[in-house]
Amino acid sequence: MRAGLWFPFLSLVGSCWCAPPQTCHPGDEFLGICSSSSGFEEKPTCTELNLGYCNDLEYSRTIFPNILGHRTRVDAESGAEYLLLSVIHGLLNGECSPEIRLVGCSVIASPCRNDKMIKPCRSTCDALRKDCIHAFEAIEMAWPYFLDCDRFFASEEEGCFDPLRGLRARQELALASIHPVEPSTIIQFIYTSNAQMYSLLKRTAAKCSHISHVYSIGRSTEGRDLLVIEFTNNPGQHELLEPEIKLVGNMHGNEVLGRQLLIYMAQYLCSEYLLGNRRIQTLINTTRIHILASMNPDGYELAASEVEDSNDPELSNQEGHLLNGWTNGRTNAQSIDLNRNFPDLTSVFYRNRRSRHFRTDHIPIPDGYWFGKVAPETYAVMKWIRSLPFVQSASLHGGELVISYPFDFSRDLHEERKFSPTPDEQAFQRLARTYADNHATMSDNDTDRCGASFHRTRGIINGALWYSFAGGMSDFNYLHTNCLEITVELGCDKFPAEQELYPEWKRNKEALLSFMESVHRGVKGVVKDADGNGIKGATVTVRGIRKAVTTADDGDYWRLLNAGVHILTATAKGYSRVSKRVYLPPNMNRAGRVDFVLTKVPVEPDIDDHLFPTVETWDRFDPYNQFERYNDPDAGGVEREEKPWWWNYFAQSGISPPHWLLRTV
């Protein structure tokens, strides 16, 4: 579709695309950097503004030659700069429109008074670049040279013109008309395409750059970014004793409500922080939050296209949201169900749980797993959850209205629906209750369900008791890392109608916020040596719970625990063992601090060492190194031999292709 957009625009300029050759870089001659080869200098003269894509500016007279060296209106219309402004809305999927066009027009056709040019304001350009550079990066396009803020713009002291003043005034008027009972954070409750999602998340991060940034954990089968937005008071790095939490949506491409809720949540966190919401500021200042809105963007593309087709009146099937949403787009582009594609560590746990020596946490990935078909999305998420010390997580799905928690795989192969608790059953129940009880209807026994009955448990259930499956993400989180993950089933309709998005946001907003706040439960602390240095990979165990957590790089740890008396023990290879008794009162609103200091002791060989997986053993990952291409840090720095898709907008127009739009190393 993109390739076809440029034809209507070419027809507007007809045969005017052949621009006269220039001996200077665009704009250099007018700035006095070089001179015309003809020796003739035109006197700048005010003239009527008559450029089709710039006629909605707040002034009616401009000047030629302009700041870019165009001598006439025809020259300006024949330039790549004007063509770019005419198609920028389509190129950027509506992002930063009409701001880019209005500011660009103020350069191509600057206002004129008394035959003198009034330059646009540099502050406007600086703000525009900060907000919109991500949109150009998303399509691998360089920032246009004629929007160089230092070169073509002026300061307020020089009497500059703000090309966005009128647009901002209209926007403020529109916001002022909103009824005061409406929320202060304005969110558009509509579905977003993958391109729109990327732009929205990047723009949100740019708006709140002091507390947020975006990063990619890899790419999907069809090459789409798995984009994460992070919120914390020091984005980009782990802070000592600050817990990390992740929210994952759209694992099944046709289960889209969670994807939209997480996009809205990202906007909400940014906006409310800036508006001074103390609850949101406290949450972000004390927590590192990672949001992966879409784990399966390829599947979403298919599901969204099917729903679009179902709304075609010429088609007989009018059940788009309810019928098509159950199957199409569930898997990734390789037809792999991502929630069945993780290593099955639960079977390993069941086989060895009775062994006194076998470690039931941080179970290594069996080498045989890598001989199977591992989806790039699965690999990217595994590498992500191993790279950060996540404490808890929620994966958002659809098809029922319930919270399920590990284990998802039954401990009895002959009984698929069997209660199969983890050692952290009580902690998992509380996590599930936190979400369900703060949801508007999930824990209500009178709520209509989608076929299953959860009235006895008020909206939560052990996963294997509901139905059993192997290779799930939640079981993998629990058995391979420190992270406790629940599965949130948001409702019966996997692809609800657009008018349902706002009601669903109202039902889930408090539940999502309360779940994120619940990470501040239990205990946290630092395991150090006698010199005060943090010990990486030390284990912290709780008596009666056969599940240890390991310390992060700086020796800090987090342990989700319910209220009560607990005996904690910290140990590390080559160090002493230290135990402490702690009491956690009910209704704690922050984790208790429990530090440990270990002293070095001689390391003696243990006959059972081969039965006890050490950190070095379980840390083996991807032994055949077959997926590194998805995470090569240098891959993005190499200029592609092929031109980007948008190059045809210019290459086939008859003008000299604008190499200044190509990103260079």
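Guide: Val381, Met382, Ile385 and Arg386 in α13 meet Met473, Phe476, Asn477 and His480 in α16; contact means heavy atoms within 4.5 Å. This is a predicted model, where local features need pLDDT of at least 70 and side-chain atom pairs pLDDT 80 or more, while totals for chains, interfaces and linings use all residues. Residues are numbered from 1 along each chain as its sequence is written, and side-chain values use heavy atoms, without hydrogens and water.

Visitor: At what angle do α13 and α16 pack?
Guide: Helix α13 (residues 376–387) and helix α16 (residues 473–480) pack at about 35°, with their axes 11 Å apart. Axes are lines fitted to C-alpha atoms, for helices over the stretch in contact, and angles run from 0 to 180 degrees between N-to-C directions. Helices (H or I, at least four residues) and strands (E, at least two) are DSSP runs, numbered from the N terminus.

Visitor: New topic: how many strands form the open sheet?
Guide: Eight strands form it, in the order β5-β6-β8-β7-β9-β12-β10-β11, with mixed pairing. Two strands pair if DSSP finds at least two bridges between them. The edge strands, β5 (212–219) and β11 (460–462), each pair on one side only.

Visitor: And in which sense do β7 and β9 pair?
Guide: Strand β7 (residues 244–249) and strand β9 (residues 390–397) are parallel, over six bridges. Glu244 stands opposite Phe390 in β9.

Visitor: Which strands does α14 touch?
Guide: Helix α14 (residues 425–438) packs on the sheet and touches β9, β10 (400–405), β11 and β12.
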